[in-house]
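Hi there,

Here is the structure I promised to pass on to you. Have a look at it first, and then read my notes below.

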Amino acid sequence: MTEASRPPIPPPPPPPSTSLSTPNGMNFPPPPPAPPAESISVNMPIDMPTGDKSSQTFETMPVVPKARAVPPPPRQESYQPEPPVRPISRPSPGHPTLEHLIREAYENGYSDLHLGVNETPRMRDRGEILITDYPVTDQQTFMSWLREIMSEDQIQQFKKNLEFDGATQYEFARVRINVFDSLRGHAMVLRLIPVKILTLEQLRLPPVFKDVSDYHKGLILVTGPTGSGKSTTLAAMVDYINNEHAKHIISIEDPIEFVHQSRKSIIRQREVGIHTHKFDNALKAALREDPDIILVGEMRDRETVNTALKASQTGHLVMGTLHTNSAVKTLERILSLYSAEEQEAMRMALAESLVAIIAQGLCRTTDGKRAAYHDILINTETVKDYIRQGKNDEITALMLEGEFDGMITMNQSLFNLYQEGRITEETALEMSPTPNEMAMMLRGRM
């Protein structure tokens, strides 16, 4: 086949159109071309196979753009759980707040509040309990009262132990708290403690109280039943020392009642459960804290008595309380903590350490107030001999004749109040530990 006889080569088909068409025949222009990728030419000498070195140009290569740095996510703060929300509790409608009750008791001179679920609030007025006009306390009201004076931890502690001891402070009074459970429901008793500490003169206490407070070492015991004013008397004695002597005074109380401010003396008050875990540990630690005077809230057991006696024998003045009704019974109570074989050694220790025993009671006076009467034993040389020999009956006889040394019996103290016109004959007979003897004294007066 000749060149001329060959058929012509058809032209190549046109490239496909990039325009877009729609079903109705409308055409859209093609999209703009993509921008050319960046290129870079690199000239590098290359070893040629022939050994000649020349500059050659590599083919153009696209450059990958650098990745943008992604900022880190915002820092998440560590999770802090929300603090527990304290329940909002209010008394039921028609019921007062606890502060209202406490203020009412304070303004009327009442000493105690008795509150409980399913009970009407009551207050103690100079020894007698008065019923108030408030409605019967329900559970909601009682729990709202607890939250006024106790933290949630303390409330949980009460629910676990079914008892709680503590104290709280208002601007007008300090309040000692005791919460407990009972057959009818939760209950509590509040003791009002004045913010202002009365002096020995304001309490009209005998001059011998100052004399025994001036001692530098030994053991002073203030005794009496609950509500007899032991704490008030001790507070007045400490206040006298604080104003007259430069001493270091450490008190261990459960709870703290009267709050002292350091004046001439340094006063450090410790509460069991808050400032120390155990009463005995605090008392032992006090011996290493350079004290001059140690105030023990209560001589609870033989271990406490042993430590107190040790402190009094090593140059410290120890002041404590006991729940006994007379000076002689106080000696018997201490000795009863020990076995028969130990009592002789304890009588010797008491005879050497004891400064005074002050047993106290309170009675209603003719003007509607209350007055203290006392049974005071001063440890003279004769009393020391009688303590060593266990002659307790003879000690009572010495007290009858020991007015010069500041000693007095309860009957003598009551009779003095009667002579001053501060109490009636009936009150003297009612409060006397030996009414027959008191009756004879009153008949001699008549």
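**Strands and hairpins**

G361 has Y373 in β19 as its bridge partner. A word on the source before going further: this is a predicted model, in which local features need pLDDT of at least 70 and side-chain atom pairs count only at pLDDT 80 or more, while totals for chains, interfaces and linings use all residues. Residues are numbered from 1 along each chain as its sequence is written, and side-chain values use heavy atoms, with hydrogens and water left out.

Strand β18 (residues 354-364) and strand β19 (residues 370-378) are antiparallel partners joined over nine bridges. Two strands count as paired if DSSP finds at least two bridges between them. Helices (H or I, at least four residues) and strands (E, at least two) are DSSP runs, numbered from the N terminus. The hairpin of β18 and β19 has five residues between the strands, and G368 there takes a positive phi near 85 degrees.

On β18 there is also a parallel pairing, with strand β13 (residues 218-223), over five bridges. In that pairing, T223 stands opposite A359. Is β18 mostly covered or mostly open? It is mostly covered, with nine of its eleven residues buried. Buried means under 20% relative accessible area, exposed means over 50%, and partly exposed is in between (1.4 Å probe, protein chains only).

Another hairpin is made by β8 and β9, with two residues between them, and R126 in the turn has a positive phi of about 50 degrees. Strand β8 (residues 122-125) pairs with strand β9 (residues 128-131) in the antiparallel sense over four bridges. R124 has I129 in β9 as its bridge partner.

**A buried threonine**

T233 is part of helix α5 (residues 230-244). Its relative accessibility is 2%, so T233 counts as buried. Leaving aside residues up to four places away in sequence, T233 touches L205, F209 and Q360; a contact means heavy atoms within 4.5 Å.

**Salt bridges**

How many salt bridges does a search of the whole structure find? The search finds 16, each one a side-chain nitrogen of Lys or Arg within 4 Å of a carboxyl oxygen of Asp or Glu. One of them joins the side chains of E171 and R103 (3.6 Å, N to O). Because E171 lies in the loop between β10 (163-169) and β11 (173-182) and R103 in helix α1 (residues 98-108), this pair ties together parts that are 68 residues apart in sequence. E171 is exposed at 72% relative accessibility, whereas R103 is partly exposed at 30%.

D385 and R388 form another salt bridge, with their closest N and O atoms 2.9 Å apart. Both lie in helix α10 (residues 381-389), three residues apart, about one turn of the helix. Salt bridges that share partners also join E99, R103 and E171 into one network.

**Aromatic rings**

The whole structure holds three aromatic pairs. The rings of F415 and Y418 have centres 6.4 Å apart and planes at 35 degrees, so this pair is tilted. For the cut-offs, rings of Phe, Tyr and Trp (its six-membered ring) pair if their centres lie within 6.5 Å, and planes under 30 degrees apart count as stacked, over 60 as edge-to-face and the rest as tilted. F415 is buried, with a relative accessible area of 12%.

Enjoy exploring the model!
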